Amino acid sequence: MDRPDTASTSGIVLERVRKEFPGGVVAVRDLSLTVEPGELVVLVGPSGSGKTTVLRMVAGLETVTAGQVSIAGRIVTGLAPRHRNVAMVFQNYALYAHMTVRANIGFALKMAGMPNHEIRTRVNQAANILGITELLDRKPRQLSGGQRQRVAMGRAIVREPAAFLMDEPLSNLDATLRVEMRAEITNVHQRIGAPTLYVTHDQTEAMTMGNRVAILHQGTLEQIGTPMELYERPVNVFVAGFIGSPAMNLLPATLDSSGDHWYATVGGCRLPIPPTARAALRPFAGHDILLGLRPEDLVSTHDMRDSEHGIIQATVARTESLGSELLVYLSLNGDTPSRPLTARLDRRATVHQDTPTRIGVNLQRLYFFNPTTGAAIR
Amino acid sequence: MIRFPTAQLLRIVVIAAILLWSLAPIGLGVLTSLSTQTDAQAIPARWLPPHATLDSYRSLLGGTGDYRAGGTVSESGAFTHALWNSASITMLSTLAILCVAISAGYAFARLHFPGRGALFWAIVTTTVVPVFTVVLALFGLLADAHLIDRKLGLVLVFVSTTTPLAMWLVHNHVKQLPTEPEEAALLDGCTSWQAFWHVALPQMRSGIAALSAIVVLLVWGEFLIPLLLTSTNASKPVTVLIPEYIGKYTTNYPLLAAAGMLAMLPPTVVALVLNRHIRGMLSGSS
């Protein structure tokens with residue numbers, strides 16, 4: 001056998017991994033992804049995008065149809081889960097209901113044949129890190145959701161595994177606890193430093209926790225990058241619409257150029273296009289494009305500066321005050337059928353329902369997409 | 001003001017009817033077992049025994065046989081021996097059925113192997129075959145193996161007739177259990193077998209309790225098979241012995257009733273103790 005049993009990089013490496021379920025459903029297509037040691041990569045996507053399948057393939061709970069998985073420099077594609085040295089935190093915690101917290105956390109060590117006194121020491125250390133020392137003698141059913149979550153974390157970290165896998169670990173917690181555990185997991189990860197693959201459908205978790213974020217859609221990796229990269233430079237319409245809350249407004253527009261003046265015409269309004277964007281847009285002159293406007297890049301006319309902002313005319317359909325800011329749902333004037341547009345304005349902005357209003361658009365922050373392929377134009 | 005709608009009233013009436021239907025015979029049995037033969041056969045009926053006595057129980061359990069009816073029960077201590085037969089057959093059968101049904105049911109529910117579906121349904125389908133249709137063949141088979149009138153023979157037959165149903169129940173039970181704890185165990189270093197032993201089996205505890213109760217009740221109450229496959233008191237269970245108290249010319253009703261009450265006792269205790277689990281398993285929520 002001349003196949004090497006070591007991979008070039010340590011951490012978690014997936015190379016052209018494909019998963020096809022019986023019946024021909026392709027859950028994951030040719031996915032290549034690397035999680036460096038010490039890195040936390042968040043795998044995010046809508047439900048059914050294949051993110052949990054990816055995680056289960058890394059864990060060995062699901063077979064790989066094609067491609068290769070390696071962990072810490074060792075190819076594990078065909079290995080049973082117990083030989084992979086990975087720890088996983090499940091969405092519903094998957095605690096052993098009949099064991100005490102201490103036995104739950106120490107179970108893997110016991111299976112590995114570690115002497116009892118050493119198990120005890122390591123369980124105590126893990127419990128200490130997670131602040132659950134006083135819970136060690138309880139059974140899982142006597143714990144709250146947040147405490148169970150900590151036990152599940154404890155069970156994972158006590159082993160000092162080569163890789164961490166987390167499958168929507170916070171989705172069963174209430175909002176307050178989720179924020180708290182988010183910080184906690186980030187802390188623990190920094191402390192332990194093992195490469196971590198974290199699956200979620202929650203983009204807030206993705207943006208706040210990930211060193212890098214990988215966006216999966218219908219089994220295909222759409223883009224991987226730092227949270228800021230994804231926000232600032234989405235490669236296509238899907239990523240643009242997925243990252244950011246409220247979602248980016250995507251409006252069909254026509255690109256007109258007359259000499260030195262370039263405009264995107266949307267809903268009867270002409271938005272001047274800054275010179276920096278023109279080179280990439282040249283092939284689309286005179287054609288339709290998809291214009292992306294982030295709700296936070298729209299401003300009320302009071303906050304507008306003429307040099308930076310263009311103006312669109314719209315009618316206020318509905319407003320929602322979030323206290324710190326005002327979400328305004330508009331419909332573009334002169335556009336039939338009228339398209340909804342979301343703006344995130346300063347909380348002091350004065351807008352009136354069913355009234356035509358002028359909204360400023362930050363021209364430096366326009367996004368352009370190919371209307372046929374959905375790819376970003378830049 | 002207490003509301004008393006028609007639906008509520010109807011409910012109470014129906015429940016009362018069901019209770020009467022199931023408890024009245026038992027009550028009658030208790031009263032009869034405490035009566036003397038004369039009082040039990042008195043016309044008009046004396047519902048409450050005027051001279052309550054434990055003589056029937058004494059003679060059954062003591063085995064001294066002061067008065068026996070019918071004349072077919074000839075050995076002293078026959079009843080206690082039959083109780084022991086019933087108990088040992090039931091315990092052995094239940095143990096064997098549980099071992100096979102739990103491992104097979106779990107395997108069918110969790111493991112992937114070729115022919116799983118076909119094999120599973122082939123086994124489950126046998127539960128609809130009435131035992132009467134195969135009882136002659138069974139007799140021949142056991143006769144060849146010299147297992148007629150042996151407790152082991154009965155145990156083997158019960159295991160083969162009851163295991164498919166038990167396996168099916170286990171399968172359905174396991175299907176409802178979350179798979180994640182077992183998967184967590186696999187990641188924690190377990191083989192499939194260890195994950196079953198250390199994690200799945202303890203999770204199935206209440207299901208197993210319910211299943212044991214169901215199997216105990218089924219096996220203890222078996223009548224036709226032991227009637228055909230036993231011939232002497234060495235292997236007869238209580239269900240087969242009791243009808244022998246009905247004589248051709250005369251029947252000792254208090255004795256018959258007392259025997260019935262005693263035979264009912266063990267399964268009643270099992271049912272009461274495991275009641276919570278049984279309801280859970282039958283309603284599919286345990």
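# Exercises on a predicted two-chain model

Buried residues (those with 20 or more other C-beta atoms within 10 Å of their own, against 12 or fewer for exposed ones and partly exposed in between, with C-beta atoms placed from the backbone) make up 42% of the 378 residues in chain A. This is a predicted model, in which local features need pLDDT of at least 70 and side-chain atom pairs count only at pLDDT 80 or more, while totals for chains, interfaces and linings use all residues. Residues are numbered from 1 along each chain as its sequence is written, and chains are lettered from A and ligands numbered from 1 in the order in which they are written.

**Exercise 1. Describe the overall content of chain A and the confidence assigned to it.**

Start with the secondary structure: chain A holds nine helices and 20 strands, taken as DSSP runs numbered from the N terminus (H or I of at least four residues for helices, E of at least two for strands). Finally, pLDDT, the predictor's confidence in each residue from 0 to 100, averages 89 in chain A, and 96% of the residues score at least 70. Over residues 1-7 of chain A, however, pLDDT stays under 50, and the model has eight contacts beyond four places in sequence for this stretch.

**Exercise 2. Work out the strand order of the six-stranded open sheet in chain A, and follow the pairing around β9(A).**

The order is β6-β7-β8-β3-β9-β10 (chain A), and the pairing is mixed; two strands pair if DSSP finds at least two bridges between them. At the edges stand β6 (86-89) and β10 of chain A, each with a single partner strand, so one side of each lacks a neighbour in the sheet. From one strand to the next the twist averages 20°, with axes being lines fitted to C-alpha atoms (for helices over the stretch in contact) and angles running from 0 to 180 degrees between N-to-C directions.

Now take the partners of β9(A) in turn. Strand β3 (residues 40-44) of chain A pairs with β9 (residues 212-217) of chain A in the parallel sense over four bridges, and V42(A) stands opposite V213(A). With β10 (residues 220-225) of chain A, β9(A) pairs in the antiparallel sense over five bridges, and here V213(A) has G225(A) as its bridge partner. The two strands β9(A) and β10(A) form a hairpin with two residues between them, where Q218(A) in the turn has a positive phi of about 50°.

**Exercise 3. Repeat the analysis for the open sheet of five strands in chain A.**

This sheet has the order β13-β12-β11-β14-β20 (chain A), with antiparallel pairing. Its edges are β13 (269-272) and β20 (367-369) of chain A, each with a single partner strand, so that one side of each has no neighbour in the sheet. The twist averages 40° from one strand to the next. Within the sheet, four bridges join the antiparallel strands β12 (residues 261-266) of chain A and β13(A), with Y263(A) opposite P272(A).

Notes:
Two residues are in contact if their C-beta atoms, placed from the backbone, lie within 7 Å.
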